[in-house]
Amino acid sequence: MRKYYYRKILIALFVINIVGICAVYFKYCRNVLPNAIELTMGEKACLKYDVPAVGMVKDQKIKLNQPFVLTKDSVGQDEIKAKLFGAIPLKDIKVNVVKQKTLVPSGKIVGIYVETNGILVLETDMITGVDGGNHSPSSNKLYQGD
């Protein structure tokens, strides 16, 4: 009789462990996949995720654990429906396609104006003389901040 109860308890613990491991793995797979993918129009993106999942884009199947290429020639938004092992719904990944933006530098040069009563010494340094020696002409005369 005792063996029967021990077996039941061991089977219950085994099932609880398997369910816990599956839940942790499912959460890991969801975290590996991004929520959204940003593409510029006409750009090719080669992607690979280490998740045993299958993604559906319209009517096309993509294995997410193998390298695949995403390209889009028009601006818009698509969705990849990822399923773990091809059966368990995992995540919906949004694919946003935008126009390519260009950056043109322009503007005015901006300087910094410091108002002082006279000359402000920012730094004193050593120089190498003709004789090859290092000399500090301002030593003990000028200090930084004078």
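1. Glu79 and Lys81 join their side chains in a salt bridge, with N to O at 3.3 Å. This is a predicted model, and the distance should be read as such. Glu79 is partly exposed at 33% relative accessible area. Lys81 is also partly exposed, at 41%.

2. Lys81 has another partner. It forms a salt bridge with Asp92, where the closest N and O atoms are 3.9 Å apart. This pair links distant parts of the chain: Lys81 sits in strand β6 and Asp92 in strand β7, eleven residues apart. Asp92 counts as partly exposed, with 41% relative accessibility.

3. The structure holds two salt bridges. Glu79, Lys81 and Asp92 are linked in a network of them.

4. Now the core. The largest nonpolar core has 21 residues, and Leu33 and Leu90 touch the most other members. At least two residues each come from β1 (36–40), β2 (44–47), β3 (53–57), β5 (68–71), β6 (76–84) and β7 (88–98). β7 gives the largest share, four residues.

5. Check the contacts of Leu33. Leaving out residues up to four places away in sequence, Leu33 touches Tyr49, Val51, Leu64, Ala82, Leu90, Lys91 and Ile93.

6. The C-alpha atoms of Pro52 and Asn65 are separated by 5.6 Å, although the two are 13 residues apart along the chain. Beyond four places in sequence, Pro52 touches Tyr25, Asn65, Lys83, Leu84 and Phe85.

Definitions and conventions:
Residues are numbered from 1 along each chain as its sequence is written. This is a predicted model: local features need pLDDT of at least 70, side-chain atom pairs count only at pLDDT 80 or more; totals for chains, interfaces and linings use all residues. Side-chain values use heavy atoms; hydrogens and water are left out. A nonpolar core is a set of buried Ala, Val, Leu, Ile, Met, Phe, Trp, Tyr and Cys residues joined through side-chain atoms within 4.5 Å. Buried means under 20% relative accessible area, exposed over 50%, partly exposed in between (1.4 Å probe, protein chains only). Contact means heavy atoms within 4.5 Å. A salt bridge is a side-chain nitrogen of Lys or Arg within 4 Å of a carboxyl oxygen of Asp or Glu.
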